[in-house]
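These are my notebook entries on one structure. I record what I looked up, entry by entry.

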Amino acid sequence: MEMMSGAAMVVRALKDVGVKHVFGYPGGSVLDIYDALYVQDDVEHILVRHEQAAAHMADGYARSTGNTGTVLVTSGPGATNTITGIATAYMDSVPMVVLSGQVPTMHIGEDAFQETDMIGCSRPIVKHSFLVKRAVDIPEAIAKAYHIANTGRPGPVVIDLPKDIVNPLEEHPYVFPENIQMRSYNPTLKGHNKQIKKAIDTIKAAKQPVLYIGGGVVASESSEEVTRFAELLGCPVTSTLMGLGAVSGTHEQFVGMLGMHGTFEANKTMHNADCIIALGARFDDRVTNNVAKFCPNATIVHVDIDPTSISKTVSAHIPVVGSIETVLEQFFDRLKDFDKSAQKENLAHWWEQVNQWRATKCLEYKLDNDQIKPQQVVESLYKHTNGDAYVTSDVGQHQMFAALYYPFAKPRRWINSGGAGTMGFGFPAAMGVQMAHPEATVACVTGDGSIQMNIQELATCLQYNIPVKIISINNRALGMVRQWQDMIYKGRHSHSYMDSLPDFVKLTEAYGHIGIRVDKPEELDDAMKRCFAEKDRLVFMDIRVDQNEHVYPMQIKYGAMDDMRLSKTERT
């Protein structure tokens, strides 16, 4: 039996669960763990400049790979600085383990230096948490944490490690569990046969069905099966913000993203459907608009591995608890004799209607010879990355423009904060993606407000040579805030203009990277080409766009799915 210190156990257990990268920042309570990291080469540590960025880097790493991201921070402010990142991962069901230092066990509760109740602080925004009080329990706690984080509905797990249990002068037997068994944690994978039969009978009888997919399809690695299911049914497919790429954005059956800034055809299709097949989506408020008016004629089949997400906001007529991949296998078994040609004829009238809505061309916009439009920026990004980049975003208008104008063809290519709406997420998330995929093209679509929230990570990129491309859609304002102020507050722009922006090119160069400023439409394509020609360098593109451009379509508050503004002057 191997004997080792608690600090060495932490590092060894991380290796044994398959961790390759840890994102973190050292401090007093975790220095013993950092010393244990120093004497080995199996687990690489990435030194960030702020703990929030460590959480977002681990998040982007996890979203782009499906593997659990790992964070290591010290006690007190080091731990609490990760809270926003933990909440972001929790809202979007991202697997993450946060190892936080803690004061020695005998001082817990005494308000010791840099003591914070990390378990209490994080409890509402984690899937589970551990306060480990004995060194011998470290391997099992870490094994359980990674099991919990990345099974069932994924989510973040916190492990709080008091300083005395990682003492390098005390050695203990190291036993890593071969199997994880937790009586209270057994996610349901297989759908109930009776509910499966009901679902299939309803789907077969539907005249106007729609397949509504969410982030659960991405998380469950079910993209191919869902695409096959969609093609078998021959029905329209729509996606939440988190589900983009699970079915290709260029697929002929895909009608676009739905919801607050969804396409006209997607929202009309949902509103008029007689059967909604929801896979791994949670009917959140950014989709439904007024729940009382939501899809009044639809029978809802809701498939989700998390039973608490079913009927939480919108009642499901046919709930199916189970993993998407397993439930789809059950669906396929009952659809072996399904007649695709008869189904095509059955849905011909439905597709005729859907294509009439498509003909509205709700994403068209007017070009300006003097000012760059935000939509142009995203379209140029798509062109110069051949539609094959990993794209992260911050939160705001630029996020919606990216979601609407960059058709994602693959899952795990669109990385954004959907549930929490975290400004400052996009840049460190892009760094995490780049660490996971060093040869890939990674672009962060951001704004002049969001980018400044974690801009200090330009130093981390220089230290580790992380060549992400920052596409800053600079409108000199908090764009989405200003848009709402235009629409709701009669144009009273209370604290939404950014009147003292830095020279982003000079700032980027000061950090040792390449900065490019773009002011005119005719400069955009050449600048974008130059940006992506720099394969091994970080490039910051400061693109000055039309300050008054709004994101459309946009649902009308308190309305139905299809109550929408199509432009500043046109409403449905």
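**Entry 1: a salt bridge and its surroundings**

I looked up Arg63 and found that it forms a salt bridge with Asp92, the closest N and O atoms being 3.0 Å apart. A salt bridge here is a side-chain nitrogen of Lys or Arg within 4 Å of a carboxyl oxygen of Asp or Glu. Arg63 belongs to helix H3 (residues 51–65), while Asp92 is in the loop between helix H5 (83–91) and strand E5 (96–102), and the two are 29 residues apart. Helices (H or I, at least four residues) and strands (E, at least two) are DSSP runs, numbered from the N terminus.

The model is predicted: local features need pLDDT of at least 70, side-chain atom pairs count only at pLDDT 80 or more, and totals for chains, interfaces and linings use all residues. Residues are numbered from 1 along each chain as its sequence is written, and side-chain values use heavy atoms, with hydrogens and water left out.

I then checked accessibility, where buried means under 20% relative accessible area, exposed over 50% and partly exposed in between (1.4 Å probe, protein chains only). Arg63 is buried at 8%, and Asp92 is buried at 12%.

**Entry 2: Asn416**

I noted that Asn416 sits in the loop between E16 and helix H18 (426–436). Its relative accessible area is 0%, so Asn416 counts as buried. Which residues does Asn416 contact, leaving aside its neighbours within four places in sequence? I found Arg63, Asp92, Leu241, Met242, Ser393, Gln399 and Phe425, contact meaning heavy atoms within 4.5 Å.

**Entry 3: two further salt bridges**

I recorded a count of 21 salt bridges. Lys163 forms one with Asp32, the closest N and O atoms being 3.8 Å apart. Lys163 is in the loop between E7 and strand E8 (171–173), and Asp32 is in helix H2, 131 residues apart. Lys163 is partly exposed at 30%, whereas Asp32 counts as buried at 18%.

Asp525 forms a salt bridge with Lys383, the closest N and O atoms being 3.0 Å apart. Asp525 lies in helix H22 (residues 524–533) and Lys383 in helix H16, so the pair ties together parts that are 142 residues apart in sequence.

**Entry 4: the sheet**

I traced an open sheet of six strands, in the order E16-E15-E17-E18-E20-E19, with parallel pairing. Two strands pair if DSSP finds at least two bridges between them. The edge strands, each pairing on one side only, are E16 (414–415) and E19 (514–518). Six bridges join E18 (residues 469–474) to E20 (residues 539–544).
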